[in-house]
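The sequence and structure come first.

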Amino acid sequence: LSRRAEPGPGAGMWPRVTPAAPADAPKVPDCRGDSDGPRRGSLCERHCAAINNAQGDLGELGCHLHRPRGPPATSTPSCCQQHSEEVCESCLVKTTLTAENAVEANKLSNNYKFGFKKWKSHVTARPWEDRSEIVKELYSDLNIVRGPAGSTLTCGNVLYLLLFGWWLSLLYVLVATMMFITVMGAPYGELCWDLAGYFLWPFGKVIQKVEVPKSQQACEAGVGESSALLGGPTAPRWRPRCRLGTGSWHRASAALWLCLGYPLLALAHGLVCVTAWLLIVLIPVAKLSARAASRVLPLPPGRVLIRGLRMTEVPLEGEVILCCYRAANPYYYKYAVDGINVFAVNLLPLVLVTLVLGYVDSPNHLTGSAVKFTLALLSIMPLSYYIGMAIASISAQSNFAVGAVVNATFGSITELTFYITALIKGSREGNRCYAEVVKSALTGTLVGCVLFVPGLCMVIGGIRHQEQRFNSRSAGVSSALLFLSVGGVFAPTLFSKVYGKLVCGECHNVTQNPLGHYLCHNCHFDLVSGDPDPQQGHLGPLVYTVSILLPAAYLVGLFFTLKTHTHIYDIHISDCHMPGHHHSAVVHWSRWRALVILLLSTLCMSACADLATEHISPILTNSTISQYFIGVTVLAMVPELPEIVNGIQFALQNNLSLSIEIGNCIAVQVCMLQIPILVLFTIFYPTNFTLVFSDLHVYASMFSVVLMNYIFMDGKCDYFQGTVLVMVYFILLAVYFFAPSPSGC
């Protein structure tokens, strides 16, 4: 994601979304149209840098000025010649983005719209020529012979030897021995013997599929031992294996191999493939094993040739099946399958395991409640990723109205699913502890998204960038909404403190005097349903009034940022195309496919949330950890892990504005959408949930919002300020950890 400032529509207009050159395409030299170009371009850039240092809006904005495409005699004057001052003035409010196609441009524009889910990953396939060499290597099929690549003695290769190489080589030796004993399988035994040495250390070696030459007929007759396959005489260790006997003998040998040798080796390679794939950094080993089982082992022995690259002095002839140099690659965290990140792919089977164990093993014969609760909670992470990508895909391929409806409907579906199932279970069991856990999770999400998410992004982004800047005006809008939402959410709590009835569990007279002092335990202000206190008649309408006003304020914020004051988020998608970079959009997920995945993920999310609430009760009752701590940490932050990863990726690209907006958006949605929905849900399905929070929740939330606004006041930050936010968050976690469990739990 690159950002450039250039002249565009004035304030109050909608962002212009048109396709542009890829972000990593070669840059055209700036302002080279005439002799004045370099001088004016550099002056313009210095103006922009000075403005950005003074204003701090949207960080690292620069005037990238392009050479005209036409000949110098007929081209129009460059931007530096015509509008140098105007361009530099536009740096104040203008951010220009580049995208490969219109769909990606729409996604980038949606990232800057208030209330839309921010999504870092591409929703379309990037052109192969626009990718870096590092990424291209990730998707290679291990069949490319390169030049000298240095020593093969690396930590990853040694790790392969310790984890897989020694026992895989030993297995090949055993299979080779077994095939030699059968006599008919001797050619395959020779192949397994050579492959045993290969898989012990496959690095720097090549496996080829060679064509059988005419001299092979002489080989079958027992003569012709020196036919060359790669040009010139072939050494005995490289010669093709002779087929022994007649055609029936070949068929019997192949049948024996398919019955005895191949299944065992294919099973071993499958185990290596799955294990290496799950480790992610060892995905090259998974590819190696998969190609060996599917391309090498089914071949006749005479068509497989194994050579060391250092022995190769002439160009290799024949098809290269395997050629591996490194067993590990740390960049495989970027690997994607059909647009889905490899981490989400690896965690998807966990959802199936969770559902099977949860609904098949209901009596807990195989696993206990703690294991099932952990699995259900971990399954929420990949489902949250799929829901987020489906929302981003649908929004990028649809108009604004459809995108807004999808984001408003499914943007908070992950958290609401868990909260509603917990409240239903608590209502059925008559246990108020579930409602307290939901309140703790709501507060934990609010505090975590205000302190931990932006703080962590500042720390990680500050490691790469000394100082980061962000759009202070857009952050100010979110901060104002946060103040409003926190005040509205905790208004019933303050009302209960003033007018509530203090109820205590037990009281003891300390002075043995009826008029003396009493020591009371488990005291709280009781304004729940059924309380004969007359103030209950005032608290209920107040709660419902707040639950209506908060969503209304959220709609006002949407109208303000997306309609009347769009210049705050004035994003311009550049329409400059580099030669040779006109690409049509190839989406990973079509709208219908994304909709189906969205609905299926939501259904699975409901099932996992049901299992989590079903098996959380033993943890709440038997655990020595406070229920407050469980709610504000595990239940609050685990569903937000995909959002945290997106925020970190934006921060590493020096786009801290989106990192901050991710946390602010979630916090605003918690107060202005999720809590009112839970309150309105109690009208149709009575639960123990009331909008009265404990003092600890109130103080922690208000202090977090005040601290965040103080940090974000100047529109710039560094890793030190991020460290402050993270440390304050951990201090609050320590307070929750040592706090006693809420009353009723």
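## The antiparallel sheet

Strand 3 and strand 5 run antiparallel and are joined by five bridges. The model is a predicted one. Within this pairing, Q208 stands opposite V320 of strand 5. On strand 4, the pairing with strand 3 (residues 205-209) is also antiparallel and also extends over five bridges. Two of the facing positions there are I207, opposite I306 in strand 4, and K205, opposite G308 in strand 4.

Taken together, three strands make up an open sheet with the order 4-3-5 and antiparallel pairing. Strand 4 (304-308) and strand 5 are the edge strands, each pairing on one side only. From one strand to the next, the twist averages 20°. Helix 9 lies across strand 3, strand 4 and strand 5, and runs at about 155° to strand 5.

E319 and R295 meet in a salt bridge, with an N to O distance of 2.4 Å.

How accessible are the two partners, E319 and R295? E319 has a relative accessible area of 35%, so it is partly exposed. R295 counts as partly exposed because its relative accessibility is 29%.

## Other salt bridges

How many salt bridges does a search of the whole structure find? The search finds eleven.

One of the salt bridges is formed by the side chains of E643 and K117, at 2.6 Å from N to O. The two residues come from distant parts of the chain, 526 residues apart: E643 is in helix 21 (residues 641-652), while K117 is in the loop between helix 3 (102-111) and helix 4 (133-138). E643 counts as buried because its relative accessibility is 9%, and the cut-off for buried is under 20%. K117, with a relative accessible area of 21%, is partly exposed.

## The K425 network

K425 forms a salt bridge with E614, and the closest N and O atoms are 3.5 Å apart. K425 lies in helix 13 (residues 413-429) and E614 in helix 18 (residues 591-614), so this pair ties together parts that are 189 residues apart in sequence. A network of salt bridges links K425, E429 and E614.

E614 is partly exposed, at 42%.

## Cysteines

The structure holds zero disulfides. In general terms, a disulfide is a covalent bond between the sulfur atoms of two cysteines. The cut-off for a disulfide is a pair of sulfur atoms within 2.5 Å.

C608 is buried, with a relative accessible area of 0%. C259 is exposed, with a relative accessible area of 61%.

D338 is not a glycine, although its phi is positive, at about 55°. D338 is placed in the loop between strand 6 (336-337) and strand 7 (340-341). The relative accessibility of D338 is 35%, so this residue counts as partly exposed.

N654 is another residue other than glycine with a positive phi, here near 60°. Where is N654 placed? N654 sits in the loop between helix 21 and helix 22 (656-684). At 4% relative accessibility, N654 counts as buried. Helix 21 is also the helix that holds E643, the partner of K117 in the pair described above.

Key: Residues numbered from 1 in each chain as written. Predicted model: local features only at pLDDT ≥ 70, side-chain atom pairs only at ≥ 80, totals over all residues. Heavy atoms only, no water. Salt bridge = Lys/Arg side-chain N within 4 Å of Asp/Glu carboxyl O. Helix = DSSP H or I, 4+ residues; strand = E, 2+ residues; numbered from the N terminus. Buried < 20%, exposed > 50% of the residue type's maximum accessible area, 1.4 Å probe, protein only. Pairing = 2+ DSSP bridges. Axes fitted to C-alpha atoms, helices over the stretch in contact; angles between N-to-C directions. Contact = heavy atoms within 4.5 Å.
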